[in-house]
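Hi everyone, thanks for making time.

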Amino acid sequence: MSTPNGFPQHSGTCVTQSTEGGAVQDLHAKKAGKAAKAAAGSNGVLTFEDPPSVGTSLNETLKLLPDELKANMKIKSVTPRPPRKPRLERAASLDEKSWRRWRRFRTSQESLTDPNETSSSNGSLQEASLSPPVRSRASPCRQCCQEISLHGSADALEASPVGKSRGSTSDLGKRASEISSAFGGLLRGKAFAGGKPRLSQIMPARPLPPVELNVASHTLRTANRIDSDCLDYRHYSQHKFGRVSSSLSDTRLHGNGMVYDNCSTDSMKSTFSLLTPIRSKDVRSRSYLEGSLLASGALLGAEELSRYFPDRNIGIFVATWNMQGQKELPMNLDDFLLPTDADYAQDMYVIGVQEGCPDRREWEIRLQETLGPHYVMLYSAAHGVLYMSVFIRRDLIWFCSEVEYATVTTRIVSQIKTKGALGICFTFFGTSFLFITSHFTSGDSKVNERKLDYNKTIQALTLPKNVPDTNPYRSSSSDVTTRFDEVFWFGDFNFRLNKDRETVDSILNQNPERDVSKLLAYDQLTSEMSRGSIFKGFQEADIHFRPSYKFDIGKDSYDTTSKQRTPSYTDRVVYRSRYRDDIHAVKYSSCPVIKTSDHRPVFALFRVKVRPGRDNIPLAAGQFDRELYLIGIKRRITRELQKRQEQKDQKSSSVCSVS
């Protein structure tokens, strides 16, 4: 039977009312079409003057029920069913995803050229319909009607509340819920007969061959060179620890199915980098500034400096320690180099030693072991038993110039150079630094000799050599400290307190730990600096620690020998700058927990302003002591493993006794 508009009618539609003669009418309606006029008779038969147009949804159909019928029907509330759990599938690799996008693109092109959209791929099309495919193109609403009619038109007739006396209004509500669920399934593409065919997932016929460990290009292999003894680190770490790291690394990329092999990982690493992206047009651009030392992108320029130091200030740790030539080194240097009251580690560490231990290399290894893998030793120099080591964050080695050093001997009589000075200088971005460690003449009353040591040092220290002066107009040939922007001078200056032992002891016993102002009133160095006879232009931070000399080894008591030396502030750190307020002292203290010498280490933390520079200076090109770095890191790991093993053995060796 067909409607006046020429559309065939189907049984088993969304809501169907039948008479005793068995006439069935389709109840689809469209808002933009004609309004349906329905009347409910005494026998409950619904009649329609104009059939609705095809393509109307189920919700619009239910809206057309007469108000009288709605009032008589009591439809039970239907609890919605929870959605099905998503079916877990293997994450596709980049190659499979690219292939799928290409197939969808080809399929869409074939659909545009084929009016019937009946392209096939030799059995790879997935059968998504539950009914036989139609030959001609049909609308989705018509397919919906056909699908529901196949599932049970007879049930729909029996479930009608007015078709038979045994029907009820609750059956209609149940049937409406089933129809709604079926219609939702159709919209999800599970029951479309004439829809667009979908390609089934293509799985590889056999496992892909394994990829070699080293698949990077020659450029990447050179820039990210891996030692031969560390090539199998990834496999070993996965076997030993279960995962390599917790960051967005290669492990997570592989685990999430984002990449398939190591080659893809190498290509994707830059996507997740924290480095500032460089646009291609900026690299291609040419201007009159091309080749200029101040152009955008200069290695030591303002743009690069602001990227690493937005406030243009770096943190510097400067320390001095007279080791008294002891062979025994402290077991732990954490309290010395990494004080607990500082929240963050510094960008640069400079450590000067007087009367250093016989094994200088062992001392440097201990420093590297303590600072860890984030720091590298930029340079190290020695003058007799005077040692100086400069460590810097490994990210910053590219912005350092060549490092130069010079020495001065103040005591020629001695064969072993115990007294003198050692200076190291370099330029960081556009700011030049000079670090000097000295050991002046000892003796309570030899103040003039110490001043002579100072004058000889500033005149005889021949620095800089090849690195140009950043401001030659403010330099003096007779004073090395005027030829650099920032100068730090530290060491065992041997200046004493002009007071007897008993008075000093009484002051130390009466005053609190940090109140040492009465002692400083007798300090020789403070007095000489105020007169301008030594360390001209230098400053010293306020002292709030006890005298660093002279202690009994291994104890906190001052000299108890027959000499009864007076405690003094012999170990000091002073600084000067070409520009006012460039150096800000954050902390100035000693390390009382290290007791292997009669001196306590003294350190200072600074915030130093850095200025941009030019690329015309000789650069260090990222050079550092690689051998020391590897030894220090290996020893750091070994000590940690030994510590854990000892804790494990201690727990396992505990025995419970039962009384």
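Let's start with the open sheet: it has 6 strands, in the order β7-β8-β6-β5-β15-β14, and the pairing is mixed. By pairing I mean that DSSP finds at least two bridges between two strands. Strands here are DSSP runs of E with at least two residues, helices are runs of H or I with at least four, and both are numbered from the N terminus. At the edges you'll find β7 and β14 (583–590), each with a single partner strand, so one side of each has no neighbour in the sheet. From one strand to the next, the twist averages 15 degrees.

A word on where this comes from: it's a predicted model, where local features need pLDDT of at least 70, side-chain atom pairs count only at pLDDT 80 or more, and totals for chains, interfaces and linings use all residues. Residues are numbered from 1 along each chain as its sequence is written, and side-chain values use heavy atoms, with hydrogens and water left out.

β14 and strand β15 (residues 602–609) run antiparallel, joined by 7 bridges. His584 sits opposite Arg607 in β15.

Now, which helix packs on this sheet? That's α13 (residues 360–371), which touches β5 (313–322), β6, β7 and β8 (386–393), where contact means heavy atoms within 4.5 Å. The direction of α13 makes about 155 degrees with that of β7; axes are lines fitted to C-alpha atoms, for helices over the stretch in contact, and angles run from 0 to 180 degrees between N-to-C directions. α13 has 12 residues, and 9 of them are buried, meaning under 20% relative accessible area, while over 50% is exposed and in between is partly exposed, with a 1.4 Å probe and protein chains only. The buried ones include Trp363, Arg366 and Leu371.

How many aromatic pairs does the structure hold? There are 30. Rings of Phe, Tyr and Trp (its six-membered ring) pair if their centres lie within 6.5 Å; planes under 30 degrees apart are stacked, over 60 edge-to-face, and the rest tilted.

Take Tyr349 and Tyr375: their ring centres are 5.4 Å apart and the planes are at 90 degrees, so that's edge-to-face. Tyr349 is in strand β6 (residues 348–354) and Tyr375 in strand β7 (residues 375–383), so to speak distant parts of the chain, 26 residues apart. Tyr349 is buried, at 1% relative accessibility, and Tyr375 is buried too, at 6%.

Another edge-to-face pair is Trp489 with Phe535, with centres 5.1 Å apart and planes at 90 degrees. Trp489 lies in strand β12 (residues 486–492), Phe535 in the loop between α17 (524–531) and β13 (571–577), so this pair ties together parts 46 residues apart in sequence. Trp489 has a relative accessible area of 0%, and Phe535 has 2%.

As for β12, 7 of its 7 residues are buried. Strand β11 (residues 431–439) runs parallel to β12, with 7 bridges joining them, and Ser438 stands opposite Gly491 there.

Last stop, charges over rings: NZ of Lys or CZ of Arg within 6 Å of the ring centre and within 35 degrees of the ring normal. Arg450 lies over the face of Phe495, 5.0 Å from the ring centre. Arg611 has its charged end over the ring of Tyr579, at 4.1 Å from the centre.
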